[in-house]
Amino acid sequence: TTSTSDISRKKSAELFEKAKAYFPGGVNSPVRAFKSVYGTPLFIERGDKAHLWDADGNEFIDYCCSWGPLILGHNNEEIREAVQAQLGKGLSFGAPTALENQLAELILNNNKKIEKIRFVSSGTEAVMSAIRLARGYTKRDKIVKFEGCYHGHSDSLLVKAGSGLVTFGETSSAGVPQAFADETIVIALNDKKALEQVFADFPGQIAAVIIEGVPANNGLLIQDKDYIHFLRDITKTNGSLLIFDEVITGFRLGFEGASKYYDIQPDILTYGKIIGGGMPVGAYGASHEIMGSISPDGAVYQAGTLSGNPVAMAAGIAALSILARPGFYEGLEKTTQAFVEELRAYIAEKNYELNISTIGSIFWFAFSSNANIQRADEIDPTSMEKYKVMHRELLNRGIYFGPSGYEVGFISAAHTEEDLKTTLTAIKAALDLVFQ
Ligand code: PMP
């Protein structure tokens with residue numbers, strides 16, 4: 001098998017050269033720089049349904065979906081019309097609007113895991129606020145996070161594991177004071193002993209344990225139900241809060257996200273991505289009691305000029321109204337399962353060393369013989385070379401995946417049967433190239 005010839009990136013390359021003079025690394029968010037894969041990042045000009053067009057006129061079927069928000073694809077008509085209707089009325093007031101109530105009602109009526117919500121403008125802000133809330137509510141300082149979970153770029157969470165079962169974190173970014181990292185303990189996923197150890201080592205000091213609903217930022221590390229129930233129980237027993245970061249899984253696995261999948265009640269939940277329908281929105285929510293600690297009711301301060309922005313609210317209302325229709329999630333999940341099953345059958349037939357993990361409408365290429373990777377350290381970093389080859393070949397064949405093998409793929413309701421069929425043909429050919 002030989003690779004197909006590379007697509008033209010002439011315009012993207014010119015734009016990237018200019019961008020490098022304006023932005024660090026030429027981008028406004030690091031992974032966009034395509035450092036882990038071949039070539040210049042593609043500058044995107046427009047999207048429609050499941051398709052993207054770049055500055056050179058190349059067309060792609062998109063499985064990055066803006067990193068998850070676009071569960072309805074690009075340029076959804078109902079979202080677009082809702083945004084357009086709001087545009088003539090003003091872009092921001094910094095005052096309450098009925099739109100915030102409407103989006104809150106849509107969420108709270110369909111998601112019994114939270115009783116009260118606060119809108120913010122990004123996932124990072126949602127998680128940062130949830131951590132402060134947990135600390136303010138419990139009057140404790142330490143938090144526990146897991147190696148392999150990403151929660152945005154606030155100081156407390158840019159911390160990675162040191163060596164040992166239970167360790168104080170080491171900062172994973174320059175500029176994060178060690179004193180912050182000292183308040184964050186990092187342990188491995190799917191390890192009950194580490195959890196027991198952490199509560200034994202720091203009695204009465206842990207404000208919260210934070211975990212991604214289903215860890216999906218470092219591969220797709222689907223945890224056992226039994227483990228998540230253990231996590232729920234041990235946090236409760238020790239008076240610590242459980243924060244479920246559902247920025248990816250919220251409204252992706254259903255309105256009640258991973259909490260429903262695992263059938264648990266976390267204490268604080270964080271959301272982002274899908275609830276803004278493609279506009280910048282994040283949110284966090286909890287019981288009336290816990291949310292009572294938030295300003296102006298309580299002593300935990302959290303604010304935002306653009307929080308509950310009317311255009312973003314209008315987009316979110318339109319998006320969630322569609323998702324709330326009966327059968328929406330079942331349909332999307334069925335489509336994804338059929339797609340993954342066909343890939344799995346091909347992989348089995350060819351005996352390729354690759355497994356596809358999947359949940360809801362999320363899937364991940366695990367270039368490993370391990371069919372059930374659940375911890376970050378089970379991922380072989382050298383396997384990323386295979387992803388790189390596949391990624392390049394797929395771009396050449398008009399299929400757009402996230403520019404790193406640690407990223408998951410998303411299927412949207414806008415992906416047609418034909419899109420998926422074209423994609424399967426392309427992936428099979430790309431895999432033949434990877435494993436030749
Ligand atoms: N939490 C999780 C689970 C995420 O996946 C992300 C972003 N990928 C964030 C938090 C941060 O969200 P944002 O990029 O909107 O700040």
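Q: What are the domains of this chain, according to the domain assignment?
A: This is a predicted model. Its domain assignment gives domain 1, made of 10-75 + 327-434, and domain 2, made of 77-323. Their centres, taken over C-alpha atoms, are separated by 25 Å.

Q: What makes residues of domain 1 and domain 2 count as being in contact, and how many residues of each are involved?
A: Two residues are in contact if their C-beta atoms lie within 7 Å. Here, 24 residues of domain 1 are in contact with 26 residues of domain 2. On the domain 1 side, the elements giving two or more residues are helix H11 (328-350), strand S14 (355-359) and strand S15 (362-366). The largest share, three residues, comes from S15. Sorted by class, this side of domain 1 has 15 nonpolar, seven polar and two charged residues.

Q: How do you know that the span of helix H3 agrees with its number of residues?
A: Helix H3 covers residues 98-110, which is 13 residues. At 1.5 Å a residue they should span 18 Å, and the end C-alpha atoms are 19 Å apart, so the two values agree.

Q: What makes a residue of H3 buried, and which residues are they?
A: A residue is buried if 20 or more other C-beta atoms lie within 10 Å of its own. In H3, Leu99, Leu103, Ala104 and Ile107 are buried.

Q: Why can we say that the buried residues of H3 line one face of the helix?
A: Look down the axis of H3: the buried residues fall within an arc of 130 degrees, so they line one face. Here is a handy rule: an α-helix has 3.6 residues a turn, so residues three or four places apart point the same way. The buried residues of H3 pack against strand S4 (116-120) and helix H10 (310-323). On the other side of H3, Ala98, Asn101, Glu105 and Asn109 are exposed.

Q: How do you know that strands S2 and S3 pair, and in which sense?
A: Two strands pair if there are at least two bridges between them. Strand S2 (residues 51-54) and strand S3 (residues 59-62) have three, in the antiparallel sense. For instance, Leu52 has Phe60 in S3 as its bridge partner. S2 and S3 form a hairpin with four residues between them, and Gly57 in the turn has a positive phi of about 85 degrees.

Q: In which sense does S3 pair with strand S16, parallel or antiparallel?
A: S3 and strand S16 (residues 399-400) pair in the parallel sense, over two bridges. Ile61 stands opposite Ile399 in S16.

Technical notes. Residues numbered from 1 in each chain as written. Predicted model: local features only at pLDDT ≥ 70, side-chain atom pairs only at ≥ 80, totals over all residues. Expected span 1.5 Å × (residues − 1). Buried ≥ 20, exposed ≤ 12 C-beta atoms within 10 Å, placed from the backbone. Arc of directions from axis to C-beta. Domains from an automatic or database assignment. Nonpolar A, V, L, I, M, F, W, Y, C, P; charged D, E, K, R; others polar.
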